[in-house]
Amino acid sequence: PDSAVNDVAEDTSAADPGGWRQRTWGGKYNDEAKSLALAADGGLWIAGYTESAGAGDWDGLLMRTTPCGEVTWARTYGAKKKDVLHGVIATTGGGAAAVGVSYSFKGFVEAWLVRVNDGGGLVWAASYGGDGFDQASALTETNDGDFVVLGETYNFGPGTPDAHNMMLLRVSGKDGKIMWEQTLGGGTDGDAGFALLRTDAGAGNILVAGATESYGQGRDDVWITKLDPDGKILWSRAIGGVEDDEARTIAPNGQGGFFLTGFTRTYSHGKADIFLLNV
């Protein structure tokens, strides 16, 4: 779909007494950063949403900073309704890609992918889903320049529309067209993915971190799945206890494995505690 693209944002900065540099950006209403990625020049790509500027209710927001944290530009993407960017990556050869959710296009709530050049100009945008709720939370770039998009769907897979499934899409880096799609879930309960990690550099396999109610021992369990670039499941594992346990981020541990972090209610000292797994 077409996207409205507008300049946005006020910039104020303050020094922390401890010597840390801090910066805030925003306007009169709600403005929130959801994720960031390191750019090739040492600056940052920041993704989120803004209610203070743009074409609609909320608009997807992308910001580009220098290595010192100064804003180079900030732009909005979206239309008349709520549009939010949840995850962003720097792309090979420059520019960035960001995913989220859009209420503005096709009349449904859709998973949303935006690709931009170094200056924030829109290269293309695409939305994915059915006539219910779909959203994207993270993405990664494949070895040959396509994207794998992760999220959740109430439209496809067993148990929908009453329960949601993890959704994975591989889309063309040139135009966003779907190359393959995969839903993972058990049927009667909710399953979702929150973070991706490309691993096994030569093979380009993908690790997915999330939460499952369909498998494991409890309500939500930490859910880790490994897939090849064509969407074939190589292995899948649930970790947790009798209460809610969810993985929200994944990162390499430098020793061939990976770290997972999120929250646990099974092994907490109160309502919920942060956990860290080294796998």
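Two strands are taken to pair if DSSP finds at least two bridges between them, and strands themselves are DSSP runs of E of at least two residues, numbered from the N terminus. The structure described here is a predicted model, in which local features need pLDDT of at least 70 and side-chain atom pairs count only at pLDDT 80 or more, whereas totals for chains, interfaces and linings use all residues. Residues are numbered from 1 along each chain as its sequence is written, and side-chain values use heavy atoms, with hydrogens and water left out.

The pLDDT, which is the predictor's confidence in each residue on a scale from 0 to 100, averages 86 over the chain, and 91% of the residues score at least 70. Over residues 1-10 the pLDDT is below 50, although this stretch has 36 contacts in the model beyond near neighbours in sequence, a contact being defined by heavy atoms within 4.5 Å. Where pLDDT is low, the predicted coordinates should not be read in detail.

An open sheet of 4 strands has the order β16-β17-β18-β19, and its pairing is antiparallel. Strands β16 (191-199) and β19 (233-239) stand at the edges, each with a single partner strand, so that one side of each is left without a neighbour in the sheet. The twist in this sheet averages 20° from one strand to the next, with axes taken as lines fitted to C-alpha atoms and angles running from 0 to 180 degrees between N-to-C directions. Within the sheet, strand β17 (residues 205-212) and strand β18 (residues 221-227) are joined in the antiparallel sense by 7 bridges, and Ile206 has Leu227 in β18 as its bridge partner.

Strand β14 (residues 165-171) runs antiparallel to β15 and is joined to β15 by 6 bridges, and Met166 has Leu184 in β15 as its bridge partner.

Strand β8 (residues 83-90) is largely enclosed by the rest of the structure, because 7 of its 8 residues are buried; here buried means under 20% relative accessible area, exposed means over 50%, and partly exposed lies in between (1.4 Å probe, protein chains only). The pairing of β8 with strand β9 (residues 96-102) is antiparallel and extends over 7 bridges, with Ala97 in β9 as the bridge partner of Ile89. The two strands, β8 and β9, form a hairpin with 5 residues between them, and Gly93 in the turn has a positive phi of about 85°.

The structure holds 7 salt bridges, each defined by a side-chain nitrogen of Lys or Arg within 4 Å of a carboxyl oxygen of Asp or Glu. Among them, the side chains of Asp144 and Arg170 meet at 2.8 Å, N to O, and this pair links distant parts of the chain, with Asp144 in the loop between β12 and β13 (147-153) and Arg170 in strand β14, 26 residues apart. Asp144 counts as exposed at 56% relative accessibility, whereas Arg170 counts as buried at 7%. Arg170 also forms a salt bridge with Asp146, the closest N and O atoms being 3.0 Å apart; Asp146 likewise lies in the loop between β12 and β13, 24 residues from Arg170 in the chain, and both of these residues, Arg170 and Asp146, are buried. Elsewhere, Arg248 and Glu246 form a salt bridge with closest N and O atoms 2.7 Å apart, in which Arg248 is partly exposed at a relative accessible area of 38% and Glu246 is buried at 8%.

Rings of Phe, Tyr and Trp (its six-membered ring) are counted as pairs if their centres lie within 6.5 Å, with planes under 30 degrees apart classed as stacked, over 60 as edge-to-face and the rest as tilted. By this rule the count comes to 5 aromatic pairs, including a tilted pair of Trp124 and Phe147, at 6.4 Å centre to centre and 55° between the planes. This pair links distant parts of the chain, as Trp124 belongs to strand β11 (residues 122-128) and Phe147 to strand β13, 23 residues apart. Trp124 counts as buried at 9% relative accessibility, and Phe147 counts as buried at 0%. Tyr215 and Trp223 also form a tilted pair, at 5.7 Å centre to centre and 50° between the planes, in which Tyr215 is partly exposed with a relative accessible area of 38% and Trp223 is buried at 3% relative accessibility.
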